[in-house]
Amino acid sequence: MLATGLATGLAAGLTACGGGGQGSGDSKELTFWMYQDRTPQAGQVMEKVRKDFEKANPGVTVKLVKIPKDDYNTKLGSAVASKSAPDAGILDQPLVSKYALDGTIKEVPAGLITEADFYKGALDTNRANGKLYGLPQDQTCVALFYNKKLVPTPPKTWDELKQTAAQVHAADAGVAGMNVPKGDGYGAWMFPGIVHGAGGQMVDDAGKKVLFDQPPAVEALQLWVDLLKSSPRKITDSDKPFENGLAAMTISGPWDVPTIRADFPDLDFGVAPLPYKTEAAGNIGGEDSVVFSTSKNADLAWKWLAFMNNAQNNGPVADALGGFPVHLKAQAVAGGPEQAAFLEQLKVAHARPAVPQWIQVNDEIIAPAIESALTGKVSAQQALTDAAAKTRSLLGWNS
């Protein structure tokens with residue numbers, strides 16, 4: 001029944017695309033694409049928000065088209081290519097700049113929101129060429145998980161992090177101080193948050209300059225290299241080293257908290273903001289909501305997006321999507337004691353560069369560069385120098 005219902009809903013939604021069909025009289029139908037509900041409760045939240053919006057806007061019908069997350073970008077790309085995109089929809093943060101710069105989505109109208117009401121990092125994920133092209137919908141990040149038995153007080157600075165890791169490993173050679181991230185797409189996604197913690201940037205997209213071969217980024221990568229001395233991979237390459245007590249600290253996100261609580265009930269752990277060198281910082285993930293250029297109901301679509309993101313609705317909607325609120329006055333859905341650390345981390349989160357090719361740069365250039373330094377093939381400086389050169393070539397930038 002679920003598959004049948006989804007197919008029926010998708011078909012109905014596709015029929016209404018290409019500008020969200022307009023009915024007789026003053027009635028209007030607005031089509032919004034989003035991910036399939038994570039839970040029945042998430043579906044109930046979205047249904048309530050939809051009904052509340054329709055009640056406040058007589059004659060308006062909001063059609064929610066829910067698509068499995070793994071299929072979403074493919075189906076959306078096809079709809080955009082055939083000019084049958086919905087009025088509005090969810091968009092993964094790094095895709096906003098791509099769609100903005102190729103004219104697929106509309107610029108946010110002036111006066112729609114008060115920018116100061118939103119987390120800066122979350123709002124900045126919608127910027128391209130200095131303009132705003134969407135609204136943040138939900139956000140997430142990573143933070144430092146620590147074993148309270150091995151690390152009674154979480155480190156706040158890089159120096160404290162290295163010292164704590166060294167002390168743990170010195171006390172027991174079979175335990176790693178830190179589960180150091182690897183040079184893969186996930187590690188490369190986390191890396192900019194460490195770079196910002198040293199006061200650096202990955203790129204200056206406005207000035208078209210690659211900056212991750214400069215000292216702050218090199219120092220960030222060197223931090224990970226240095227941590228390997230007290231955190232050998234022969235230990236951390238084991239299955240779930242943090243959960244099994246073989247690594248005293250790790251970097252992860254809120255998605256891991258319920259799993260650890262359920263599968264490792266005896267592990268006494270805490271979550272703290274990421275250690276930094278010169279300033280508190282971190283990365284960001286999550287989704288934005290945008291209005292497509294083909295919409296014939298753009299004004300109404302923006303009204304719907306603003307409604308989902310107001311102080312009252314953003315908390316439950318963000319939770320339904322699996323993230324944290326983006327509106328500073330929205331209440332996060334009640335969570336465990338770890339929630340405070342993530343919310344604190346998000347206050348200092350930095351958006352990924354507004355570069356359409358950033359996913360490719362992350363996965364194909366920065367990730368292997370990180371791994372080459374971590375495995376000792378080249379120095380941190382050389383790894384990032386080479387990666388920066390490849391990035392300049394890919395982007396067509398001269399500096």
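Is Lys240 buried, partly exposed or exposed, and what is its relative accessible area? I looked this up before anything else. Lys240 is partly exposed, because its relative accessible area is 38% and the term covers values between the limits for buried (under 20% relative accessible area) and exposed (over 50%), with a 1.4 Å probe and protein chains only.

**Entry 1. Basis of the model**

I note that this is a predicted model, in which local features need pLDDT of at least 70 and side-chain atom pairs count only at pLDDT 80 or more, whereas totals for chains, interfaces and linings use all residues. Residues are numbered from 1 along each chain as its sequence is written, and side-chain values use heavy atoms, with hydrogens and water left out.

**Entry 2. The chain as a whole**

Of the 399 residues, 52% count as buried. For contacts (heavy atoms within 4.5 Å), I found that residues 24 or more positions apart account for 78% of those with a separation of 6 or more. The chain exposes about 17400 Å², and carbon and sulfur atoms supply 51% of this area; the area comes from the Shrake-Rupley method with a 1.4 Å probe.

**Entry 3. Two lysines with positive phi**

I returned to Lys240, which is placed in the loop between helix H9 (233–236) and strand E10 (249–252). Its phi is near 45°, a positive value in a residue other than glycine. Lys83 also has a positive phi, near 55°. I located Lys83 in the loop between helix H3 (69–81) and strand E3. Lys83 counts as exposed because its relative accessibility is 65%.

**Entry 4. Strand E3 and its partners**

I followed the chain to strand E3 (residues 88–92), where 4 of the 5 residues are buried. Which strands pair with E3? Two strands pair if DSSP finds at least two bridges between them. Strand E1 (residues 28–35) runs parallel to E3 and is joined to it by 2 bridges, with Trp33 opposite Gly89. Strand E12 (residues 285–291) pairs with E3 in the antiparallel sense over 5 bridges, and here Ile90 stands opposite Ser289.

**Entry 5. Strand E7 and its partners**

In strand E7 (residues 143–147), I found 5 of 5 residues buried. E7 is antiparallel to E10, with 4 bridges between them, and it is also antiparallel to strand E11 (residues 269–272), again with 4 bridges. Tyr146 has a bridge partner in each: Met249 in E10 and Gly270 in E11.

**Entry 6. Helix H7**

I then turned to helix H7 (residues 185–196), which has 10 of its 12 residues buried. Among the buried residues are Trp189, Met190 and Phe191. The elements against which the buried residues of H7 pack include helix H6 (158–171), helix H8 (215–227), E10 and E12.

**Entry 7. Around helix H13**

What does His327 contact beyond its neighbours within four places in sequence? I listed Asp117, Phe118, Tyr119, Asn309, Asn310, Ala311 and Asn314. His327 lies in the loop between helix H12 (314–321) and H13, and it counts as buried because its relative accessibility is 7%.

Leu328 is placed in the loop between H12 and H13, but counts as partly exposed at 45% relative accessibility. With residues up to four places away set aside, Leu328 touches Ala116, Asp117, Phe118 and Tyr119. Leu328 and Ala311 are 17 residues apart in sequence, and I noted a C-alpha to C-alpha distance of 7.6 Å.

Last, I looked up Gln339, which lies in helix H13 (residues 339–346). Gln339 is buried, with a relative accessible area of 18%. Leaving aside neighbours within four places in sequence, I found Gln339 in contact with Phe324, Ala332, Val333 and Ala334.
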